[in-house]
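These are my notebook entries on one structure.

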Amino acid sequence: MLYALKIATRYVTANKVQTALLVSGVAVGVFIFIFMSALIGGLAEFILSRTVGDISHITIEAEETDPAVLISPSGHVLSVVERGRTRTATLAEAATWLPLIEAVGGVKAVSPQINGSGFLARGAQIAQVSVTGVEPGRESAILNLDGYMIEGSARLGSDLIILGSKLADELSLKLGQTLRLESSKGVTAVLTLGGIYHTGNGGMDGGRVFVSLTSARTLFGVPQGVTRIEIKLFDLNAADATALRIRALTGLDAESWTADAAQLMEALNAQAQTGYFLKTFALITIVIGVASALLLSTYRRRPEIGIMRAMGAGRGFVIFVFVTQGALIGLMGGVSGAALGYLALLPFPSRDAFKVGTLPMDITQGSYGLAITLTVIGAILASILPARAAARVDPVTAIGQ
Amino acid sequence: MSVLLEVQDLFKTFGTGEAATRVLRGLSLTLDVGEMAALLGPSGSGKSTLLTILGTLMKPTSGSHNMLGHDLIAAEDRELTEFRNRHIGFVFQFHNLLPDFTALENVIFPTAVREGRETASARARGRDLLVRMGLGDRVEFPSTKLSGGQKQRVAVARALMNSPELVLADEPTGNLDRVSAMQVMDLIAQINRDEGTTFLISTHDEKIASLCRRQIVVGDGLVTG
């Protein structure tokens with residue numbers, strides 16, 4: 001079939017202007033496909049980084065045991081003890097699991113924590129806060145505290161506290177000031193303000209404080225173990241699979257972030273579906289364009305097809321010539337469109353540097369290979385009808401033309 | 001001489017009902033190996049239809065058609081295509097060269113399409129044929145840049161490329177001036193003499209017909225002389 005390829009190539013190169021126009025049409029379709037892929041992918045990346053980029057991708061919490069229920073010999077319930085609102089269960093052997101979890105593929109950082117609630121007081125001013133005790137050195141393992149610090153340092157010492165800008169404003173706090181933190185267990189600690197962060201998230205900036213794990217042990221009466229292990233992954237889309245692996249490896253109740261993000265996932269899926277529609281329309285445009293151009297080409301070449309058939313070219317040969325012509329046009333249009341798309345995406349900031357107010361285009365999500373492959377397949381499919389029509393040309397009638 | 005092809009009681013009708021036109025009406029004909037025959041007759045006598053049927057490009061409505069021991073009426077399209085490629089060459093009135101190809105590429109087409117590629121031996125034979133046609137300096141010329149006579153000689157070379165037993169020529173000189181026409185006929189006569197290729201040449205030109213050893217006259221769908 002090398003010879004059929006040669007003829008197809010000759011047909012493609014014979015009329016350069018017509019081929020250039022056709023390839024340009026295909027390239028525009030591929031360009032749209034790539035542009036949409038980069039935009040939809042970048043947008044999803046942007047939304048995810050803004051919503052779940054600073055949260056734990058996998059969380060392990062100790063399972064609470066059910067409160068005891070007393071039942072009389074006659075089967076009557078004597079008393080019911082309601083579960084407290086504060087988690088009290090601890091992962092006593094967390095230290096044993098940490099190295100194992102850290103060794104799991106795809107895990108970027110692990111942060112053992114003690115969480116609870118309390119009241120932060122400065123003089124007569126009091127604010128309710130959520131307290132997170134983290135290991136010094138792992139302050140930025142999950143939330144990028146280092147990156148959000150506007151004053152002081154994210155480094156936690158045993159008597160230091162870090163809190164958000166909103167809370168600092170409400171309590172009129174300045175670095176180095178002394179504060180009282182009373183935990184829900186009624187334990188009070190006197191801490192020094194070591195740093196103020198600003199994430200832009202009001203709830204976090206106004207109600208969450210960080211202390212060292214040692215301080216948290218005292219505050220919440222957890223002499224060993226932790227209440228929670230937070231895990232960050234290199235690829236947050238791998239959270240479900242990694243959570244399953246950790247669960248199988250440790251037996252702990254590891255839960256992916258997606259379990260509590262159904263609405264976000266639905267929104268992202270809807271966005272992806274929109275992208276698929278747009279890309280499908282781009283492909284349909286390509287298919288229609290190639291099919292109509294090849295139909296015209298086969299009509300114009302009917303006498304030649306008749307001669308080929310008279311000289312001993314079979315129907316299969318004719319079909320192969322025109323399908324190959326379609327594939328070549330698809331390949332040229334696909335590669336040109338992909339190159340054009342790549343060049344057009346180059347000026348946009350990289351995925352790590354998306355800025356508000358600019359299109360979050362992700363050049364790495366251009367789906368270049370997929371675009372070229374689908375275009376070639378689409379062009380081949382589009383050329384089948386014209387090719388079959390060409391193969392059915394009656395040599396006698398065609399030569400007579 | 002041995003028989004190359006034989007057709008018996010050929011009928012060919014185009015259309016149906018009142019619009020039906022019967023072009024061949026029981027035509028019978030035998031051609032021997034190495035013959036050079038002219039096919040004469042007025043327009044509408046059935047010459048072109050007969051050539052088309054002999055060239056396996058069309059089947060008759062009824063009758064028998066045998067060539068080299070093959071029953072060409074019973075053969076499928078694929079078999080006919082292969083048979084045509086190996087055993088029959090065509091020369092048309094309007095040369096019908098492939099416009100996007102050079103003279104040599106046109107000539108070697110029948111071999112290349114059979115072998116799936118342009119082999120060195122095919123190129124050598126094609127080049128040799130073009131030299132014999134007096135076109136040694138036009139081998140790599142685009143076919144569209146050749147004169148009418150040159151195009152027709154390329155078409156003759158193409159018809160001979162696969163060394164077919166039969167070459168069917170439909171008014172091969174009809175579109176040429178007298179000098180070019182005689183050049184083409186001289187070439188055909190020379191090949192017929194040297195290689196024993198059978199030629200059946202449809203023509204209106206008595207002078208061209210007189211160059212053939214046999215004249216077959218067709219009239220009203222039958223061989224009349």
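**Entry 1: Enclosed spaces**

I searched the whole structure, which is a predicted model, and found 2 cavities of 30 Å³ or more.

**Entry 2: The largest cavity**

I noted that the largest cavity holds about 100 Å³ of space. Which residues lie nearest its centre? I found Y11(A), Q18(A), T19(A), S297(A) and Q325(A) there, out of 13 residues that line the largest cavity. I then looked up the elements behind this lining, and at least two residues each come from α1, α2 (16-51), α9 (262-300) and α11 of chain A. Helix α9(A) supplies the largest share, 4 residues. By class, I recorded 6 nonpolar, 5 polar and 2 charged residues in the lining of the largest cavity.

**Entry 3: The second largest cavity**

I turned to the second largest cavity, with about 50 Å³ of space. Its lining draws on both chains: M311(A) comes from chain A, while N85(B), I88(B), G89(B), F90(B), P110(B), R158(B), A159(B) and N162(B) come from chain B. The elements that contribute two or more residues to this lining are β6 (88-91) and α6 (148-160) of chain B. I noted that β6(B) gives the most, with 3 residues. The lining of the second largest cavity divides into 5 nonpolar, 3 polar and 1 charged.

**Entry 4: The contact between the chains**

I next looked up the area, since the size of an interface is often given as the accessible area lost when the parts come together. Chain A and chain B bury about 2,100 Å² between them, and 64% of this is on carbon and sulfur atoms. In chain A, the residues that lose the most area to chain B are Y3(A), R10(A) and M311(A), which together account for 33% of what that side buries. M311(A) was already in my notes, as it is listed in the lining of the second largest cavity.

**Entry 5: Polar pairs and the side of chain A**

I counted 12 residue pairs in polar contact between chain A and chain B, with both residues at pLDDT 80 or more.

**Entry 6: Salt bridges**

I reminded myself that side chains of opposite charge can pair when their charged atoms come close. The structure holds 21 salt bridges over all chains. One of them joins K6(A) and E118(B), with the closest N and O atoms 2.8 Å apart. This pair crosses between chains, from helix α1 of chain A to the loop between α4 (109-115) and α5 (120-132) of chain B.

Definitions and conventions: Residues are numbered from 1 along each chain as its sequence is written. Chains are lettered from A and ligands numbered from 1 in the order in which they are written. This is a predicted model: local features need pLDDT of at least 70, side-chain atom pairs count only at pLDDT 80 or more; totals for chains, interfaces and linings use all residues. Side-chain values use heavy atoms; hydrogens and water are left out. Buried area is the accessible area (1.4 Å probe) that two parts lose on being put together, summed over both. A polar contact is a pair of N or O atoms within 3.5 Å; within protein, one must be able to donate a hydrogen and the other to accept it, and residues adjacent in sequence count only if both atoms are side-chain atoms. On a 1 Å grid over the protein atoms alone, a cavity is a set of points where a 1.4 Å probe fits but cannot get out, and a pocket is an open set with protein on both sides within 12 Å along at least five of seven lines; lining residues have an atom within 4 Å of a point. Grid points are joined across faces, edges and corners, and a volume is the space filled by probe spheres set on the points. Ala, Val, Leu, Ile, Met, Phe, Trp, Tyr, Cys and Pro count as nonpolar, Asp, Glu, Lys and Arg as charged, and the others, Gly among them, as polar. A salt bridge is a side-chain nitrogen of Lys or Arg within 4 Å of a carboxyl oxygen of Asp or Glu.
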